[in-house]
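Student: I am new to this kind of picture. Could you help me read it?

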Amino acid sequence: MTKPPKDRARTFARLYALLVGVLAVIVSAALFTLYVAENYLQKMREVQLTMATTTQVVAAETIDLLLRLNKTYTPECFEQNLRALRMEAFGTAYQSDIGIFDEKGRLLCSSLLGVLPVPFEATPPDTVHEYQGHKVEINNQVSVVIGGGRYKTTVVRIGRFNAVVNPRILGTLFPQDQDVIRFVLPEGGSFPIYANPALSTRWINLLSTKEMQEESMHYFSWTYMAFIASEKVTETRFVIQKVTPLGEFLRMHVAILTKLMLLSLILGCVVYFLIKPTFQRWNDLEHRIEALLTIEHVVCMYQPIVDLRTNAIVGCEVLMRLHDKGGVVIYPDQVLPIIIARNLTWRLDQTVVRKAIHELFNGLPPCQGFKVAFNLFPKDIRYAEIRDLIESELPKSGRHNFQFNLEVIEQAYQSSLFTEIAQLKEAGYQISVDDFGTGFSNLGSIKSLSPNFLKIDKSFVFDMEDSTIRSSLIPEIIGIARAVGAAVIAEGIENDAQRQMLLKLGVEFGQGYFFAKPMSVGELHDLMKAAENTYA
Ligand SMILES: Nc1nc2c(ncn2[C@@H]2O[C@H](COP(=O)(O)O[C@H]3[C@@H](O)[C@H](n4cnc5c(=O)[nH]c(N)nc54)O[C@@H]3COP(=O)(O)O)[C@@H](O)[C@H]2O)c(=O)[nH]1
């Protein structure tokens with residue numbers, strides 16, 4: 001069994017709303033993740049900056065100390081020498097111990113341990129570098145005994161002396177979990193003084209590229225699916241680097257990301273429930289439009305047309321709205337496309353004309369020659385039907401005193417329209433070409449139409465104060481109106497400057513929010529009364 005149109009409309013509305021909801025979830029989740037990622041990289045940058053600065057200070061002190069020791073002390077383990085070295089270590093900020101090596105590279109004694117019972121065969125250095133003509137050997141993560149405790153720290157050796165960096169200082173550096181600490185040579189290039197042993201060659205290669213050594217960069221690499229953070233601190237000689245594979249990042253942020261994903265889901269649900277009624281209204285509208293084109297639902301509003309020379313209200317344009325259930329007002333721009341697509345234009349025209357004539361005849365006092373302008377769809381301009389429609393609505397006795405005006409939008413007209421319009425004019429109806437300047441008519445077709453009025457489209461008026469090319473066409477339009485014997489009505493006048501300019505250009509009539517917005521017949525009546533208009 002096929003679903004009735006209303007159910008189908010609701011299903012579609014739900015589906016569209018669901019799509020928008022899912023989109024909201026995806027977009028918000030992406031934005032939240034981006035925020036967490038940005039935050040992570042920013043924190044990484046701050047950690048790296050601090051680390052580079054501390055490393056610089058520690059390294060400078062270590063190298064200075066070792067160079068001085070090599071220059072000043074003999075590499076011998078006698079008590080006086082060891083006491084002096086203890087004082088040297090004590091006088092530094094970052095060193096715990098100083099060791100002395102024999103020529104074979106074995107540790108003989110240290111300022112804290114004293115003379116070793118057996119010379120200690122040191123492990124080969126992790127890195128060896130040349131610095132100011134000296135060989136600098138660095139061992140990271142060396143297990144050392146200090147003050148009865150065992151710690152892991154960095155040991156640097158130059159010549160016959162080594163310095164054991166205070167593990168507490170390093171504790172503030174290495175637990176920061178950085179992968180590579182690189183020393184930048186004054187002549188360019190760099191070498192790692194520390195590299196996380198767990199780091200794979202793939203990451204080491206990436207972090208060793210020239211750009212990584214020369215510039216600071218913090219980004220997410222889609223190729224490597226990892227966050228790359230490499231900070232080159234210009235005031236120091238160090239580059240601090242860290243690679244965080246996506247999996248690790250997600251594990252680190254699982255709690256906050258789960259909360260944010262949940263928030264995205266809630267957001268998606270809120271969007272779904274907020275947007276569903278709108279989609280339902282749109283879809284419903286398609287299927288309920290026929291039911292809405294009735295006297296009860298069609299509402300007529302009247303926008304005054306004013307003589308620019310006297311400011312008198314000489315007529316009005318009838319503009320329709322639909323009143324839906326729940327007091328919802330539907331404006332023409334929302335509904336006209338549906339009405340056209342469903343071929344209901346004549347139904348709308350009939351309802352508007354009937355309702356407006358009824359309201360105006362009952363709501364306004366007799367006003368001879370008061371123009372009542374209707375917007376009609378060009379394909380509905382048929383003399384006989386319009387005549388029958390209007391005449392059937394006119395009161396059988398009393399005031400047949402309105403001047404009906406039919407507004408036809410400017411476009412490429414079909415030839416039959418000219419005959420219909422000629423007959424309408426013959427029968428006493430006035431014709432206006434609406435939205436003039438926006439369509440595709442030519443002077444020939446306007447001449448054949450021979451309208452009573454050309455209505456300058458509001459877009460020309462809006463541009464007037466800026467003197468755009470568009471507004472400079474207004475005199476041309478006025479020229480065309482004169483050539484075809486039509487008067488000019490300017491639409492969309494919103495301020496007095498526009499009114500005055502149009503008046504100066506010779507425009508006779510105007511319409512727009514400056515004078516009045518579309519209003520009910522009661523309000524129109526009150527306005528005309530207040531203006532002490534001279535109709536009657
Ligand atoms: N076939 C029918 N078409 C109709 C009918 N009722 C209206 N319409 C057409 O719908 C379009 C939009 O109309 P609406 O939302 O009513 O807007 C009108 C005015 O409110 C607006 N306007 C008037 N003055 C100003 C102004 O100073 N500033 C400003 N921003 N807007 C203003 O312009 C619309 C009137 O335009 P026009 O018809 O070109 O004179 C509109 O195209 C209507 O024609 C109907 O019953 N049948």
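Student: Which strand does Lys 135 lie in?

Tutor: First, a word on the source: this is a predicted model, where local features need pLDDT of at least 70, side-chain atom pairs count only at pLDDT 80 or more, and totals for chains, interfaces and linings use all residues. Residues are numbered from 1 along each chain as its sequence is written, and side-chain values use heavy atoms, leaving out hydrogens and water. Strands are DSSP runs of E, at least two residues, numbered from the N terminus, while helices are runs of H or I, at least four. Lys 135 lies in strand β5, residues 134–146.

Student: Which residues does Lys 135 touch, not counting residues up to four places away in sequence?

Tutor: Contact means heavy atoms within 4.5 Å. Lys 135 touches Val 128, His 129, Glu 130, Arg 157, Ile 158 and Gly 159. Ile 158 is 23 residues from Lys 135 in sequence, yet their C-alpha atoms are 6.0 Å apart.

Student: How are two packed helices described?

Tutor: By the angle between their axes and the distance between the axes. Axes are lines fitted to C-alpha atoms, for helices over the stretch in contact, with angles from 0 to 180 degrees between N-to-C directions. Here the axes of α9 (residues 345–363) and α16 (residues 521–530) come within 10 Å and cross at roughly 40°.

Student: Which residues meet there?

Tutor: Glu 359, Leu 360 and Gly 363 in α9 meet Val 521, Leu 524 and His 525 in α16.
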